[in-house]
Amino acid sequence: MKMKDVKILWGRSGNRCAFPGCKIELTPDGTESTLGEMAHIVADSPNGPRGESNLTAEERNEYSNLILLCPTHHSLIDSNTKEWTVEKLKQIKAEHEKWVTNQLEQGKISINQIDNSMFLESKEKEWTNFAENFIWIIVGLTPLGISDDSIDTLNPKLLESFHNLEVWKLHKSYGITTSSRISRPDTRPNEYGIINEDLRDNQNDLGHKIQVFRNGHCEFMTCIQALVNHYTQNLDKNNLPHHPSIRILLYEDIAKRFISQIGSLINIWHMHLPFNDMLLTATITNTTNSILCSGRKSFMGYEYGSPVKLNLPKYSKVINKSENSELVIEHFIKRYVNFFGLNIDNVFDEKGNLILPSKLYYY
């Protein structure tokens with residue numbers, strides 16, 4: 001879901017459950033029992049409740065196909081699709097939004113805005129300044145509404161999961177990386193919550209910075225500058241478009257880090273954070289004049305995408321705890337493959353191995 005659609009849904013629903021006779025006040029923060037759930041009228045997949053439809057995957061996640069419900073009534077409509085049809089749910093939604101408008105005009109209810117935009121804008125500026133001229137892959141998971149002290153970041157169970165996170169380390173034989181758990185001594189409390197970082201030599205190693213905020217925001221940052229330097233110097237450039245300052249990224253490196261970083265944050269969320277819906281954001285810093293090597297090689301050399309001009313490509317999507325994590329990760333990888341001028345239909349094969357991207361068309 002796009003954040004715009006989420007804001008429209010919550011605003012027009014008045015933060016209330018749309019189910020007839022319920023009208024319980026909902027909030028994106030707090031305990032599981034008080035969370036509103038953005039239910040799909042037509043399911044987000046063809047196999048889900050009321051899933052048979054000609055709607056595209058994008059249309060299924062737009063405001064027009066969403067209805068705000070409490071957890072109890074979300075379960076009810078999905079367990080009895082014969083009674084709770086698409087047509088009936090659309091009618092219920094329309095009647096509920098009309099009720100909200102009347103209540104607002106009479107001053108009988110008020111709406112607490114769902115808005116994390118100011119917080120995210122400050123984070124993006126911070127990421128840009130922090131990265132300097134290095135290439136970092138940054139993934140953030142943010143509550144839809146920002147509230148201080150939503151979680152205890154020093155909770156022993158949260159800390160244990162935090163220390164099970166893995167980061168990539170570069171071996172001296174350049175280009176060979178392995179993953180290992182983060183070092184406990186590098187973890188400390190700070191003004192926001194907890195942080196683990198290793199920034200000793202970002203240009204010659206793979207630095208990282210991981211934080212969990214007391215407001216529920218989490219971020220996982222890894223520097224890949226050393227790998228970019230290595231591939232730029234050593235990869236076969238026969239098929240590479242001429243550019244005096246071009247830098248080469250390898251698809252496998254990008255994909256593996258998205259898998260690790262997105263998967264790690266989703267795991268923290270599922271195990272320790274009380275929010276039913278979160279905004280997942282991914283960005284890569286300093287991508288101007290960079291190009292993606294697909295990893296495919298023919299007699300003519302490696303296959304490359306196209307040089308990019310945008311310095312900070314960003315993609316965000318509201319995700320729900322019920323969504324398949326692997327599909328979420330695959331969606332983000334596909335988006336970034338497209339950004340670098342390549343295409344991929346499926347990220348994983350039947351055995352779970354990475355499939356390499358390719359050009360959309362050939363001469």
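L206 counts as buried because its relative accessibility is 4%, where buried means under 20% relative accessible area, exposed means over 50%, and partly exposed is in between, for a 1.4 Å probe and protein chains only. Before I go on, this is a predicted model, in which local features need pLDDT of at least 70 and side-chain atom pairs count only at pLDDT 80 or more, while totals for chains, interfaces and linings use all residues. Residues are numbered from 1 along each chain as its sequence is written, and side-chain values use heavy atoms, with hydrogens and water left out.

As for its place in the chain, L206 sits in the loop between β7 (193-198) and β8 (208-213); helices (H or I, at least four residues) and strands (E, at least two) are DSSP runs, numbered from the N terminus. Once its neighbours within four places in sequence are set aside, the residues in contact with L206 include W168, L170, T177, C223 and R257, contact meaning heavy atoms within 4.5 Å. E95, by comparison, is 111 residues from L206 in sequence and 54 Å from it in space, C-alpha to C-alpha.

Let me turn to strand β10, residues 247-250, which is covered on both faces, with R247 and L249 buried on one side and I248 and L250 buried on the other. This strand runs parallel to β12 (residues 290-298), and four bridges join the two; strands pair if DSSP finds at least two bridges between them. Within β12, the residue opposite I248 is I291.

Now to the cysteines: how many disulfides are there by this rule? The count is zero, taking a disulfide as a pair of cysteine sulfur atoms within 2.5 Å. C17 is in no disulfide, and the nearest cysteine sulfur to it, that of C22, is 3.7 Å away. For C293, the closest cysteine sulfur is that of C223 at 19 Å, which is too far for a bond. C17 is buried, with a relative accessible area of 0%, and C293 is buried, with a relative accessible area of 0%.

Finally, a word on the backbone, where most residues other than glycine have a negative phi. N15, in the loop between α1 (3-13) and β1 (37-40), has a positive phi, near 60°, and N15 counts as buried because its relative accessibility is 2%. R50, in the loop between β1 and α2 (57-60), also has a positive phi, near 55°, and R50 counts as buried at 10% relative accessibility.
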